[in-house]
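Q: I would like to learn how to read a structure like the one below, one feature at a time. Could we go through it together?

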Amino acid sequence: MRIMRHFGVIPLVFAAIPSAAQDAEISLKSTEVTPGIFMLEGQGGFTGGNLGLLIGDDGVVLIDDGLEPLADKTLAAVSEISRDPVDFVINTHVHGDHLGGNEAFHRAGATIISHDNTRLRLLEQDEAGAGDGTAMAKEVLPQITFSRSMTFHLNGHEAFVLHVPAAHTDGDAVIFIRDADVLHTGDVMFNGMFPFIDLEAGGSVPGYIAAQEDMLSLAGPETRIIPGHGPIANKDDLQASLDMLVGARDRVQELINEGRSEEEVVAANPLAVYHDKWNWQFITTERMTRTLFRGLTQL
């Protein structure tokens with residue numbers, strides 16, 4: 001399990017990495033968002049982020065590919081929907097719960113695509129090593145990268161792959177299928193939850209807010225949104241996520257302006273108003289407060 005050894009962000013982000021016993025209970029549920037476009041999400045345990053799947057006679061595109069230990073389940077779930085193998089996998093960012101299946105899908109014939117910075121971060125982490133001398137399989141690495149945007153013209157659709165800078169990480173890609181009115185956000189949206197802004201991987205508070213504003217400008221009243229985590233969403237859900245984050249930022253910034261230290265800001269609990277709705281196992285109210293403090297004081 002090379003990615004599990006190399007990319008410690010997975011257990012840091014989500015503690016519930018499936019054991020062999022848990023693996024037997026885990027499956028992927030598919031929902032047809034619109035004809036030929038599906039969302040795949042984990043059932044019975046954590047499988048990674050939500051996947052997007054575009055199928056048709058011209059080719060098959062998978063957006064993200066989940067955790068490495070569950071790659072066989074992901075391959076099987078895709079094969080239940082598509083009679084053809086995956087031609088392209090788009091990695092929305094560097095975290096292993098979204099690109100853990102890269103090696104398996106590349107060996108099965110897929111070409112892996114990501115933003116330039118995602119490949120660079122994978123190479124940096126491989127160079128740093130896992131501490132046991134194990135090198136990353138070359139099949140993990142994206143074979144095609146882009147800097148700003150790229151477009152797929154397949155199955156009667158135009159799928160726009162857009163880089164949003166310094167948001168969740170520094171290599172985030174969002175995918176908008178304009179004619180089908182479907183948007184896959186990667187981890188630039190956690191639906192109904194505090195978001196994870198990975199400051200150590202080039203993410204930032206202003207960038208995350210700007211990315212959500214950009215996505216709102218793309219979305220219409222009927223747009224179906226596949227978030228990185230959480231249930232399928234709409235524009236109102238994205239607006240609620242942005243409103244919460246802007247409000248949370250302002251509350252923390254006010255205390256920073258008063259000269260409060262990080263511990264003093266945490267003790268003041270400025271995000272208490274959001275706790276009941278947005279707090280969750282990984283990004284608790286306290287952790288969100290600390291992320292905002294650190295993000296806003298590192299500018």
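**Reading strands, burial, contacts and cores**

Q: Let me begin with a pair of residues: in β3, which residue is the bridge partner of Met 39?
A: It is Gly 52. Two strands pair if DSSP finds at least two bridges between them; helices (H or I, at least four residues) and strands (E, at least two) are DSSP runs numbered from the N terminus. Please keep in mind that this is a predicted model, where local features need pLDDT of at least 70, side-chain atom pairs count only at pLDDT 80 or more, and totals for chains, interfaces and linings use all residues. Residues are numbered from 1 along each chain as its sequence is written, and side-chain values use heavy atoms, with hydrogens and water left out.

Q: In what sense do strands β2 and β3 pair, and over how many bridges?
A: β2 (residues 37-43) and β3 (residues 51-54) are antiparallel, with 4 bridges between them. Phe 38 is also bridged to β3, with Leu 53 as its partner. On β4, Leu 53 has Leu 62 as its bridge partner. That belongs to the antiparallel pairing of β3 with β4 (residues 61-63), which has 3 bridges.

Q: How many residues lie between the strands in the hairpin of β3 and β4?
A: There are 6, and Gly 59 in that turn has a positive phi of about 160 degrees. The hairpin of β1 and β2 has 2 residues between its strands, and there Gly 36 takes a positive phi near 85 degrees. β1 and β2 pair antiparallel over 7 bridges, and Thr 34 finds its β2 partner in Ile 37.

Q: In what order do the 7 strands form the open sheet?
A: The order is β1-β2-β3-β4-β5-β6-β7, with mixed pairing. β1 (27-34) and β7 (144-146) are the edge strands, each pairing on one side only. On average, neighbouring strands of this sheet are turned by 25 degrees against each other, direction ignored. Helix α7 (residues 116-128) lies across β6 (111-115) and β7, at about 100 degrees to β6. For such angles, axes are lines fitted to C-alpha atoms, for helices over the stretch in contact, and values run from 0 to 180 degrees between N-to-C directions.

Q: Why is β2 said to be largely enclosed by the rest of the structure?
A: Because 5 of its 7 residues are buried. Buried means under 20% relative accessible area, exposed over 50%, and partly exposed in between (1.4 Å probe, protein chains only). β3 is covered on both faces: Leu 51 and Leu 53 are buried on one side, Gly 52 and Leu 54 on the other.

Q: Is Asn 50 buried or exposed?
A: Asn 50 counts as buried because its relative accessibility is 6%. This residue sits in the loop between β2 and β3. A polar contact is a pair of N or O atoms within 3.5 Å; within protein, one must be able to donate a hydrogen and the other to accept it, and residues adjacent in sequence count only if both atoms are side-chain atoms. A polar side-chain atom of Asn 50 lies 2.9 Å from the backbone oxygen of Pro 227, and one lies 2.8 Å from that of Gly 230. Contact in general means heavy atoms within 4.5 Å, and the residues Asn 50 touches include Met 39, His 184 and His 229.

Q: And is His 163 buried or exposed?
A: His 163, in strand β9 (residues 157-163), counts as buried at 18% relative accessibility. The backbone oxygen of Asp 172 is 3.0 Å from a polar atom of its side chain. Among the residues His 163 touches are His 115, Phe 146 and Arg 148.

Q: Which residues touch the most other members of the largest nonpolar core?
A: Of its 39 residues, these are Phe 194, Val 252, Leu 271, Met 288 and Leu 292. The largest share, 8 residues, comes from α9. Such a core is a set of buried Ala, Val, Leu, Ile, Met, Phe, Trp, Tyr and Cys residues joined through side-chain atoms within 4.5 Å. Met 288 touches Phe 194 and Leu 271, among others.

Notes
Lists of a residue's contacts leave out its neighbours within four places in sequence.
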